[in-house]
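Subject: The structure, and what I found in it

Hi,

Here is the structure I said I would pass on.

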Amino acid sequence: KNSIKAMEKELITCSLQGKEKAALKRSQIFQIPGGKDLETKVIVVLGKAGMGKSFLVQKICQDWSNGEFSQFEFVFWFDCKQLSLPEKRYSLKDLLLEFFVKPQEGSKEIFEYILQNPAKVLLIFDGFEGLHDHETFPRCSASQPENDLCSIKELLSGLIQKKILNGCTLLFTARPKDKVYQYVSKVDKTIEIVGFSPQQRDLYITKYFEGLPYCDNALKLIKECEYLFSHCYSPVMCRLVCFLCETVLEMGDKSLPSTLTTIFLKFVQQKIIPMQTDVTAMQNQESLATLAHIAWYLGEKHQSAMKSDLLPSKDVKEFALKYGFFLPFAFPRHSDSGKEEFGSTFSDFVIQNFLGALHLTLAEDIKDKSLTKYLSFPFKKKKRYNWLDLVPRFLAGLLFLQDDPYFYSLSNKDVKQSTKKQKTLLKYIRKLQIDELCPERLLEILHCIYETQSDSLLQHVALRLKPDLSFLGVALAPPDVHVLHSILKRSRKEFSLDLRNSSIDMQGLKDLVGLKNVASFRASLSDTVRLWKSLEQTKDYELLRASTEKFVLDPFKAKTMKDISDLSDIVEMQEKMVNCVQDSSGCRSYGIPAIKNLRKLEFALGPVCGLQGFLKLVEILAAFPSLQHLDLDALSENGIGDEGAESLSEVFPTLTSLETLNLSQNKITDVGAEKLATALPFLSSLKTLSLYNNSICDFGAENLAKVLPAMASLRVLDVQYNKITGVGAQQLTDSLRKCPHIKNLVMWNPTIPYGVLEHLQQLDSRISV
């Protein structure tokens with residue numbers, strides 16, 4: 001279990017390092033470099049709910065039917081939320097040829113062909129979260145899983161474990177927080193769907209209203225409601241917002257609701273109210289309450305579908321289907337019974353979340369004091385994975401709709417219960433230690449409070465935010481940025497933001513950086529350069545100047561070639577900006593303070609790209625006049641060697657502020673040591689020099705010894721774990737006598753006889769071993 005957790009943590013961490021959005025054609029999805037045909041290949045498509053994962057697999061199936069992906073002769077697509085419903089046992093043949101599609105003839109021959117040619121089979125499991133709950137995934141224990149009856153989960157385990165159909169291709173779609181890596185030991189390719197780009201979002205909205213008389217007003221109306229517009233990066237949310245906008249425009253209204261809760265309340269109203277009468281109103285209220293209970297009940301079990309015969313009444317079933325809350329589907333006839341069954345699934349994940357929150361609001365058996373356990377921002381950093389992750393936001397919003405007549409039209413319950421629950425929520429939020437919440441929990445509570453639209457609560461949290469807000473490695477979607485922006489601007493504090501590896505979009509970065517009370521920010525260098533280039537192109541020189549003054553670079557750690565490339569772009573950007581930043585007095589020269597103030601730079605590219613990356617870094621080192629600490633000591637060993645040492649020594653005259661130089665574990669020999677020694681006196685501020693664990697011999701030690709007296713600022717020299725013998729050690733000791741300024745010489749080497757080193761240490765106590 002610990003190894004699985006470690007692997008999952010590593011996968012999550014790695015995915016955040018230097019992650020760049022890139023367009024991937026569907027034809028490239030199954031291209032796996034170095035993949036073995038005889039082994040099962042696993043591809044995982046990640047994406048938040050509503051991002052279009054199901055649409056993607058539909059398009060894959062469509063492309064295949066049109067002749068693409070010719071490597072596959074068979075493609076089987078399973079909707080996991082439907083697949084997991086019947087508590088029945090299947091053989092692999094049942095799963096493929098009974099559950100998915102039933103050939104009119106030749107089933108036995110087709111199945112035998114599939115078993116003999118697994119490489120020609122693609123199995124798609126859409127919505128992996130629908131296949132597991134809080135329990136562990138069972139292992140496949142069947143002796144002949146192709147023919148023996150197993151549960152769906154056991155069959156899937158057999159496929160993953162390569163006990164069944166070894167050599168096929170498995171494609172899973174899952175949410176980013178899903179535990180897919182816990183059940184799949186090896187993933188050959190991971191793809192993440194990030195939703196609409198700004199251009200795609202505008203195009204979708206335009207196409208949705210194309211040909212309608214109010215087409216021109218629609219995009220304008222949606223954009224005016226900035227919060228809802230921010231949700232349109234999600235294809236599902238974009239469709240729902242467009243639907244509501246269409247309804248609003250048809251009714252002659254001129255504005256959209258301002259929160260998710262109110263828009264879904266309006267969404268439910270527009271489905272029910274226009275078609276109901278006084279007679280049916282109470283029936284609808286009861287049916288909606290029952291449907292809300294079902295939404296919560298299924299959500300707690302990580303499900304969104306159920307057998308239709310389990311619905312409590314015919315009226316509820318007709319209500320759910322009539323107003324589009326449920327979509328029907330049919331289970332295929334099973335070979336052992338021949339009985340046909342039908343199922344119902346919520347038409348949309350957000351609707352299930354909204355109805356689940358409605359249940360918590362209205363249910364009399366859920367008391368106000370127990371309500372807080374359903375909110376997902378506890379003090380603990382760990383939380384149980386919540387499948388209904390939008391429920392807390394809707395719950396907070398619904399509890400603050402006390403005076404909304406439409407809200408009461410959905411229920412015949414006593415409103416006093418909701419009032420008590422609202423007071424409980426208020427008390428709970430006011431007791432929270434806002435400044436102690438981790439970034440994910442903080443974002444969640446900001447969303448919940450935003451949904452309340454309570455000025456007092458918004459002001460309460462704004463005043464309690466800590467000045468240093470780090471979202472390092474936390475994905476910030478457009479709605480997250482909007483909520484964060486709206487609350488930050490309410491505060492009188494000055495903030496420092498860390499937005500690195502947050503996948504924040506250009507507009508979001510621009511909005512946050514543009515806040516007057518954001519005094520400084522860190523962001524991925526590539527995002528920062530794109531922002532500055534965009535501001536330069538639009539001639540927004542005021543924000544350009546402000547954002548460059550707020551940008552923080554120190555300390556900087558380069559771990560990839562892209563980091564070096566981005567750093568070079570920042571330096572190049574400064575050169576371009578020298579004469580382009582305008583103010584009221586016209587054009588003037590301008591520098592980027594972050595470049596001027598960079599004091600610590602760590603280099604950790606490893607042995608593969610170490611030398612190549614370092615040579616590129618050396619080209620721009622002179623651009624950092626305040627650089628005090630240059631650290632090339634990495635666990636993976638950069639290995640810049642003599643070539644890197646020589647290249648570095650050539651720029652020593654420009655590094656007048658450098659105080660610490662760490663060149664440990666870099667495969668530097670006497671050749672590199674000689675080049676370094678020649679130029680070391682130019683480092684007029686150098687206090688600490690580490691050459692630990694290199695390959696320097698006596699000749700290198702001799703050259704270092706010659707220049708030590710000229711290095712007046714040096715206090716510590718570390719040459720231990722090299723190849724220096726007693727001869728080189730003696731030369732360094734002799735030189736040390738001429739250097740009263742040096743406080744410590746670390747010189748232990750396995751090649752120096754212990755007696756010799758002990759003798760030298762007695763001669764000069766500054767020598768340490």
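One definition before anything else: I call a residue buried when its relative accessible area is under 20%, exposed when it is over 50%, and partly exposed in between (1.4 Å probe, protein chains only). By that rule, seven of the 10 residues of helix α24 (residues 541-550) are buried, so this helix is largely enclosed by the rest of the structure. The buried ones are Y541, L543, L544, R545, S547, T548 and K550.

Some housekeeping. This is a predicted model, so local features need pLDDT of at least 70 and side-chain atom pairs count only at pLDDT 80 or more, while totals for chains, interfaces and linings use all residues. Residues are numbered from 1 along each chain as its sequence is written, and side-chain values use heavy atoms, with hydrogens and water left out.

The overall picture

The chain has 32 helices and 21 strands. Both are DSSP runs numbered from the N terminus: helices are H or I with at least four residues, strands are E with at least two. Of the 769 residues in the chain, 52% are buried. Contact, here and below, means heavy atoms within 4.5 Å. Taking contacts between residues at least 6 apart in sequence, 76% join residues at least 24 apart.

The five-stranded sheet

Five strands form an open sheet in the order β2-β3-β4-β1-β5, with parallel pairing. (Two strands pair if DSSP finds at least two bridges between them.) At the edges stand β2 (74-79) and β5 (189-192), each with a single partner strand, so one side of each has no neighbour in the sheet. From one strand to the next, the twist averages 15°. For the angles, axes are lines fitted to C-alpha atoms, for helices over the stretch in contact, and values run from 0 to 180 degrees between N-to-C directions.

Within this sheet, β1 (residues 41-46) and β4 (residues 169-174) pair in the parallel sense over six bridges, and L46 stands opposite A174 in β4. Helix α6 (residues 152-160) packs on the sheet, where it touches β3 (121-126) and β4. The direction of α6 makes about 125° with that of β4.

Strand β9 (residues 468-470) pairs with β10 (residues 495-498) in the parallel sense over three bridges, and the bridge partner of D468 in β10 is S496. Right-handed means that, with the strands pointing away from the viewer, the path from the first strand over the helix to the second runs clockwise.

Next, β10 pairs with β11 (residues 518-522), again in the parallel sense, over four bridges. The chain gets from β10 to β11 through helix α22 (residues 506-513), and this β-α-β crossover is right-handed too. β11 is mostly covered, with four of its five residues buried.

α28 (residues 641-649) and α29 (residues 670-679) pack at an angle of about 10°, with their axes 8 Å apart. That makes α28 roughly parallel to α29; angles under 35 degrees count as roughly parallel, over 145 as roughly antiparallel, 65 to 115 as roughly perpendicular and the rest as oblique. The contact is made by D642, A645, E646 and S649 of α28 and V671, G672, K675, L676 and A679 of α29.

α12 (residues 260-272) and α15 (residues 349-362) pack at about 100°, with their axes 11 Å apart, which makes α12 roughly perpendicular to α15. Here T261, F264, L265, F267 and V268 in α12 meet V350, I351 and F354 in α15.

Finally, a loop residue

N749 sits in the loop between β20 (744-746) and α32 (754-763). At 0% relative accessibility, N749 counts as buried. Leaving aside its neighbours within four places in sequence, N749 is in contact with V719, Q720, Y721, N722, K723 and I724.

Cheers
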